[in-house]
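Please open the structure in the viewer and keep the selection panel at hand. The tour begins at a single residue and then moves out to the chain.

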Amino acid sequence: MNQTWTKYLPTFIQQKLEGRHVLQRALGNTGWLFADQIVRMGVGLFVGVWVARYLGPERYGLFSYSVAFVTLFSALASLGLNDIAVRNLVRTPALKNEIIGTTFLLRIMSALMVFGLTMAGIFIVRPADTLTHWLVGIIAAGSIFQAFDAINFWFQSQVSSKYTVFATNSAFLLVSAVKIVLILRNAPLVAFAWAALTEIAVGAAGLVIAYRVTGHRLKDWHASLTMAATLLKDSWPLIFSGIVSMIYLRIDQVMLGQMRGSAEVGIYSAAVRLAEVWYFIPMAIYSSVLPGIVEAKAISEDLFYSHLQKLYNLMAMIAYLIAIPVTFLAGWVVAVLFGPSYTKAGPMLAVLIWAGLFVNLGVARSAFLNTMNWTKVHFITVFLGSVTNVVLNLVLIPRYGGMGASIASCIAYWVAAHGACFVYRPLHRTGYMMTKAILYPKAW
């Protein structure tokens with residue numbers, strides 16, 4: 001049995017894992033991702049809450065608005081290459097340097113283009129707001145350094161995320177300490193935008209170091225038009241689905257800022273932060289099991305769907321274990337962490353936490369769609385969710401403010417992840433599998 005953290009498991013569990021090498025690798029990789037995200041959840045929540053209390057709802061809302069605005073464009077910068085690159089690296093590891101090199105070059109080119117689009121967009125939406133221009137510009141520059149995520153794709157394909165954890169966690173902890181210093185020195189709002197950019201840049205440098213330490217060389221990378229065409233052929237639907245994904249994930253904060261002002265965004269963002277702090281769990285599981293699901297598809301259909309049902313069940317169970325207690329404790333948690341200025345965020349959190357059920361299932365469904373190469377289907381389902389969110393926000397935000405945005409988000413997440421499966425016939429089986437997981441989330 002591989003010498004990972006799993007050696008600390010009880011003996012009877014180790015015996016169950018003996019000889020099951022794919023499962024051992026997935027568990028070991030998931031352990032590293034969980035360790036990374038648990039540190040981020042703990043330290044990030046502590047520092048994030050401190051920052052929110054220091055800035056207050058108005059300034060925190062403006063910062064959250066700026067982040068959300070940049071996020072709307074971020075999917076275009078990624079070109080939808082994340083899962084496609086990982087999948088191709090799993091299938092053809094011999095083409096590693098060409099796949100990584102081409103992915104890196106495409107991401108750099110798109111990041112520069114998207115930076116210009118983002119700045120043009122904020123000048124149009126808020127032409128006289130110089131502070132927001134600075135915030136958006138600094139935060140948007142991070143997409144250039146995120147091109148180095150191409151290295152992370154290699155580590156994911158090898159189920160070796162511990163190297164990514166070392167790199168990104170070091171950057172995160174360093175910048176968290178910087179944020180504390182900024183608070184203690186009464187730094188201006190724009191300083192926190194510079195801190196966000198620094199974290200991405202330092203994390204990129206860490207990935208380069210991890211890649212070299214593991215015996216690989218950046219100078220071996222090379223790009224080709226043929227590989228670019230191959231990657232973009234499969235990823236272009238994911239580009240559009242990524243854009244609409246960001247719309248239905250972040251348009252609520254942008255629309256709330258435009259219709260109700262920065263203070264309401266700040267209160268709503270506090271609820272969003274607590275609701276989304278758990279989202280690392282499905283992403284960590286997904287990153288670890290995707291290679292195994294791709295391999296299962298090559299073995300047999302029965303094994304493939306068996307793996308998927310177990311994944312849906314597990315994701316639903318995790319969502320319930322989080323949502324039920326948070327629903328009853330939301331008001332108390334917000335009061336303790338954020339203080340009286342954010343009291344209105346409690347009821348919003350009690351609603352938003354249930355979006356996690358459909359977020360979890362949507363992440364699990366991505367394993368199915370990407371393995372089947374049904375990227376166009378992914379776009380259609382997310383598009384339906386995005387349209388739902390925009391329409392509901394237009395109706396509910398003017399009347400209910402942040403609570404309206406919370407309700408709109410939950411419904412939109414359900415439409416994108418589960419409801420849309422019954423609109424498109426090839427997804428009916430997936431919809432029934434998800435329904436089974438929702439009604440009876442037998443985790444194991």
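Select Thr-132 and display its surroundings: leaving aside neighbours within four places in sequence, Thr-132 is in contact (heavy atoms within 4.5 Å) with Leu-62, Tyr-65, Ser-66, Ile-122 and Arg-126. The residue is buried, with a relative accessible area of 0%; buried denotes under 20% relative accessible area, with a 1.4 Å probe and protein chains only. Next, select residues 130-140, which form helix H5, the helix that holds Thr-132. Helices are DSSP runs of H or I with at least four residues, strands are runs of E with at least two, and both are numbered from the N terminus.

The model is predicted, and local features require pLDDT of at least 70, side-chain atom pairs count only at pLDDT 80 or more, and totals for chains, interfaces and linings use all residues. Residues are numbered from 1 along each chain as its sequence is written, and side-chain values use heavy atoms, without hydrogens and water.

Now colour the chain by pLDDT, the predictor's confidence in each residue from 0 to 100. The mean is 85, and 90% of the residues reach 70 or more. Then select residues 1-6, where pLDDT is below 50; this stretch has 15 contacts beyond near neighbours in sequence. Where pLDDT is low, the predicted coordinates should not be read in detail.

The C-alpha atoms fill a box of roughly 55 × 50 × 45 Å along the principal axes. Of the 444 residues, 55% are buried.

Key. Buried means under 20% relative accessible area, exposed over 50%, partly exposed in between (1.4 Å probe, protein chains only).
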